[in-house]
Amino acid sequence: MSDRSDVAPTLRDLLESNLGLLAPETGTGDLDRPVSWAHTTELRDPTRYLRGGELVCTVGISLQTPQDCQAFVEALGRADVGGLCFGVGDVHDTVPDALIAACARQHLPLLIAPPNVPFATVSRYVADFQVGGEIAVARATNTLVPELLSSQRRRESVRQLLDRAGQVLGCYFLLEPDGEPEAGATAVAVDGLGTLVWVGSGEPPEKALLEVIARFAQAAQGERDIESALARERVGQLLSLVERRMLLPDALSQLLDWPGLSAREVACSAWPAGAGALLSMAFPAALVGDAPEVCLVLTDETEGLTAIAAELSLPSGHSATAPLADLGSAITQARIALDLAQQHGGSIGPDQLSTFDSLLEGLPLNRLAPFKHQLIDPLDQIDHDRGTQHVRTLRVFLATNGSLIDTARELFLHTNTVRHRLSRIHEITGRNPLNFDDQAAFAIGLRASDRARRMPGRQD
């Protein structure tokens, strides 16, 4: 099969897939032509709907004579399509000889779709080929990374980590310490350990996924160094004390040997707990600390930080650079950014913290509790008891910036019904959703309710 980095599949990819497509005994054109898309048509001249490179699919309703076949193939040639897929069993029991001959004259590749191969399957294959690689890597990474992090928190060996990865992906991984892998093997180099080799049946994992496993394998090997792990825990404890204002940042220079503490400014980033060994390898010049609920990284050089964060496939939050005296605030800022990143994915930097969400995430939950108890809980209770939808109506109303018309359209209601519901919310809570200040209060209450639902039993 062609490398997915080519983006578009070839006709040979389609033919050699398990779709069940066939080819005439005598080839009619180059099967290595890439296919940009699959286009189904029954027009004798579909050129105005084509842009070039398509695989045109037809059952030949308009192809009843040799002249029809000749005109159809000539039209496809003018449009510079990638190939033709002819479905048999609906209109024609076999591919018309005139169509095969016309394709051969035009050097137009021809594939045959038996009755059990619908064109929708062909279209889906082309689409999945183009974007499926990236989607598959993202899905597999989202499933795999939490398991690998769990393995690191348990300080499992490299072999245990690879076995855990194999269980997730349904395969087996070997770590060859010496020599080159066999030709054609799916493998990546692991610095200091050898070569990571995939063993399994079916399609091998994408190289990007192997590279994620390789980085964790390196980190797991480094995790065997107990002294380094203890040092990171000590750093994490000290940084936690600084954040809680129980230790002055200036004291760190007397307790820790890190050159960055003498810099004019430092930046802090927060990562999921258990990622310390991996981050120590990614940021060899940084100070890495494993706190109980988070991993903190201090650096005096922020260039390339975003790129590394994306490469690690981990959610992360980053503070702005600040003087060492303001380190406690920088740690808090990074933690808030990490909370947002874990909700929305990716990496959140200081430029994304001047939002309503980040403001509320930075406040203790008990500060927001009155908004939840007084404004949202009564509505929730009535909705639960009577099957009404006051909370949903309120959410949509706020999400549409207080538009009655847009709220009605979103909820498939009449605007008068929306007005009635908002009036009932006013009666129940004593706060008017049509008032700007009260809208802000309702928004805070909804955020507090959502946070309480994410962290049951926790009072910040």
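Colleague: At what angle do the axes of H14 and H16 cross?
Modeller: Roughly 110°, and the axes come within 10 Å. H14 covers residues 390–399 and H16 covers residues 415–429. Bear in mind that this is a predicted model.

Colleague: What does that make H14 relative to H16?
Modeller: Roughly perpendicular. The cut-off is an angle of 65 to 115 degrees, so the crossing of roughly 110° qualifies.

Colleague: Left-handed or right-handed crossing?
Modeller: H14 and H16 cross in the left-handed sense.

Colleague: Which residues make the contact?
Modeller: From H14, they are His 390, Thr 393, Leu 394 and Phe 397. H16 supplies Arg 421, Leu 422, Arg 424, Ile 425 and Ile 428.

Colleague: And how do the residues of that contact divide into nonpolar, polar and charged?
Modeller: Five are nonpolar, two are polar and two are charged.

Colleague: Switching to strands. What is the order in the open sheet of three?
Modeller: E5-E7-E6, with antiparallel pairing. The edge strands are E5 (172–176) and E6 (187–190), and each pairs on one side only.

Colleague: What does the twist average?
Modeller: The average is 25° from one strand to the next.

Colleague: How many bridges do E5 and E7 pair over?
Modeller: Five, in the antiparallel sense. E7 runs through residues 194–199.

Colleague: Which residue in E7 stands opposite Glu 176?
Modeller: Thr 195.

Colleague: Which strands does H5 lie across?
Modeller: H5 (residues 158–169) lies across E5 and E7. The helix H5 runs at about 150° to E5.

How values were computed
Residues are numbered from 1 along each chain as its sequence is written. This is a predicted model: local features need pLDDT of at least 70, side-chain atom pairs count only at pLDDT 80 or more; totals for chains, interfaces and linings use all residues. Side-chain values use heavy atoms; hydrogens and water are left out. Axes are lines fitted to C-alpha atoms, for helices over the stretch in contact, and angles run from 0 to 180 degrees between N-to-C directions. Helices (H or I, at least four residues) and strands (E, at least two) are DSSP runs, numbered from the N terminus. Angles under 35 degrees count as roughly parallel, over 145 as roughly antiparallel, 65 to 115 as roughly perpendicular and the rest as oblique. A crossing is left-handed if the near helix is turned anticlockwise from the far one by less than a right angle, and right-handed if clockwise. Contact means heavy atoms within 4.5 Å. Ala, Val, Leu, Ile, Met, Phe, Trp, Tyr, Cys and Pro count as nonpolar, Asp, Glu, Lys and Arg as charged, and the others, Gly among them, as polar. Two strands pair if DSSP finds at least two bridges between them.
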